[in-house]
Amino acid sequence: MTETDQQPPFDLLADAAAAGIQRPAASVLLVNRCGELLLVRRAANTLLGGLWELPGGGIEDGESVPGAVRRELGEETGITGARFTAYLGFSDYDNARGLRVREFAFAATLDHDQDVHLSPEHDAHRWVLPADLPDHLADHERDLIARHTAQPKPFAGYQPLPAYLSGIPAAPLWAALFFTTPSGEAVLLRSTNPHKGLQYPGGDAELTDRTPLHTAVRETWEETGIRLEPDPDLLPLVASVVEQPRAGWPTKVGFVYSAGTLTPAQLTSIRLNPDEHDEVVTLSATDLQNSTATHAHDLTLAVLDALRTGVPAHVVR
């Protein structure tokens, strides 16, 4: 059921290459507390000099899409404290050199004023309201801005996506895969952080994850080397989890998916990420019931019961 592979289970850049994209790029629709968005103007001595654009640029070899957009924002504007809130999709177009470009777009909010320090690639910047965009702006970016900062409001109470996201409490979403041994023991990973204890393969959702199941599959591959397809028929939901606010964290929502059994050979072939986990642990239901770590293991007992009954668990803790 499992295999190891050096390629991630799914990849925005691989999808772009398969579609014939020659140059992947990333940009950010950055909004300040006044609802203004940041534009930068290409320097006169550069290609397309005088063109206003969103901060962004090409994705370098070996770089992730979210990593590229954060790097480009820092290099072009000096802003490093933006809070990224959403992946907005992508636009395909031909650039001035005739190359087919796929531009991945992200929304971000600047919660505190910061000075803009331009790179030599740009000679001016503006914070503008969506209704006051300059004329010399690329059509695909004008369309992107129009879709996500609609003016005027189409109905009472409407807020465009970046403004809406900046005004609601954060609720981190995580997802994980749950494996058992052939004898029914739970397979857990011991975190290198002693405060986290034993965990399932999984982690927090990233902006570009299509579904929580994609999060679980991606994180499992990164943490163990086990590569699975994000197919809900093969990896059914076995538990949903609501973690109530505590220790400064807001509400967290999690999803656990059943990933079947691992043979002894598969267990020994797990490739742990030493920055996150240092041991694979298997525990029976009896081990879990006798443990003093009640809060940590109640979820695992609920998942094992859900596997036994076929009824997904809903856990509030």
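**Salt bridges and pockets**

Mentor: Arg41 is partly exposed, with a relative accessible area of 29%. Keep in mind that this is a predicted model.

Trainee: Which residue does Arg41 form a salt bridge with?

Mentor: Asp123 is the partner of Arg41, and their closest N and O atoms are 2.9 Å apart. Arg41 sits in strand E3 (residues 37-42) and Asp123 in strand E8 (residues 122-128), so the pair links distant parts of the chain, 82 residues apart.

Trainee: And Asp123, how accessible is that one?

Mentor: Asp123 has 39% relative accessibility, which counts as partly exposed.

Trainee: What does Arg42 pair with?

Mentor: Arg42 forms a salt bridge with Glu121, with 3.2 Å between the closest N and O atoms. Glu121 lies in the loop between strand E7 (100-109) and E8, while Arg42 is in strand E3, so this pair ties together parts that are 79 residues apart in sequence.

Trainee: Is Arg42 buried or exposed?

Mentor: Arg42 is buried, because its relative accessible area is 14% and the cut-off for buried is under 20%. Glu121, at 30% relative accessibility, counts as partly exposed.

Trainee: Why would such side chains pair at all?

Mentor: Side chains of opposite charge can pair when their charged atoms come close.

Trainee: What about Glu279, which residue does its side chain meet?

Mentor: Glu279 meets Arg190 in a salt bridge, at 2.9 Å from N to O. Glu279 is in strand E16 (residues 277-283) and Arg190 in strand E10 (residues 186-191), and this pair links distant parts of the chain, 89 residues apart. Glu279 is partly exposed at 36% relative accessibility, and Arg190 is partly exposed with a relative accessible area of 33%.

Trainee: Which residues do salt bridges with shared partners join into one network?

Mentor: Glu60, Glu63, Arg71, Glu72 and Glu75 are joined into one network that way.

Trainee: How many salt bridges does the count come to?

Mentor: The count comes to 22 salt bridges.

Trainee: Which element gives the most to the lining of the largest pocket?

Mentor: Helix H8 gives the most, with five residues. At least two lining residues each come from strand E9 (173-180), E10, strand E11 (198-199), strand E12 (202-204) and helix H8 (294-309).

Trainee: What classes of residue are in the lining of the largest pocket?

Mentor: The lining of the largest pocket has nine nonpolar, eleven polar and eight charged residues.

Trainee: And the second largest pocket, what is its volume?

Mentor: The second largest pocket has a volume of about 740 Å³. Of its 22 lining residues, Phe84, Thr85, Pro172, Ala205 and Leu207 are the closest to its centre.

Trainee: What is the lining of the second largest pocket like by class?

Mentor: By class, that lining has 16 nonpolar, one polar and five charged residues.

Trainee: Where do the lining residues of the second largest pocket come from?

Mentor: The lining draws at least three residues from each of domain 1 (12-149) and domain 2 (165-316). Helix H2 (65-77) and strand E6 (83-94) each supply at least two residues, and E6 gives the most, with five.

How values were computed
Residues are numbered from 1 along each chain as its sequence is written. This is a predicted model: local features need pLDDT of at least 70, side-chain atom pairs count only at pLDDT 80 or more; totals for chains, interfaces and linings use all residues. Side-chain values use heavy atoms; hydrogens and water are left out. A salt bridge is a side-chain nitrogen of Lys or Arg within 4 Å of a carboxyl oxygen of Asp or Glu. Helices (H or I, at least four residues) and strands (E, at least two) are DSSP runs, numbered from the N terminus. Buried means under 20% relative accessible area, exposed over 50%, partly exposed in between (1.4 Å probe, protein chains only). Ala, Val, Leu, Ile, Met, Phe, Trp, Tyr, Cys and Pro count as nonpolar, Asp, Glu, Lys and Arg as charged, and the others, Gly among them, as polar. On a 1 Å grid over the protein atoms alone, a cavity is a set of points where a 1.4 Å probe fits but cannot get out, and a pocket is an open set with protein on both sides within 12 Å along at least five of seven lines; lining residues have an atom within 4 Å of a point. Grid points are joined across faces, edges and corners, and a volume is the space filled by probe spheres set on the points. Domain bounds come from an automatic or database domain assignment.
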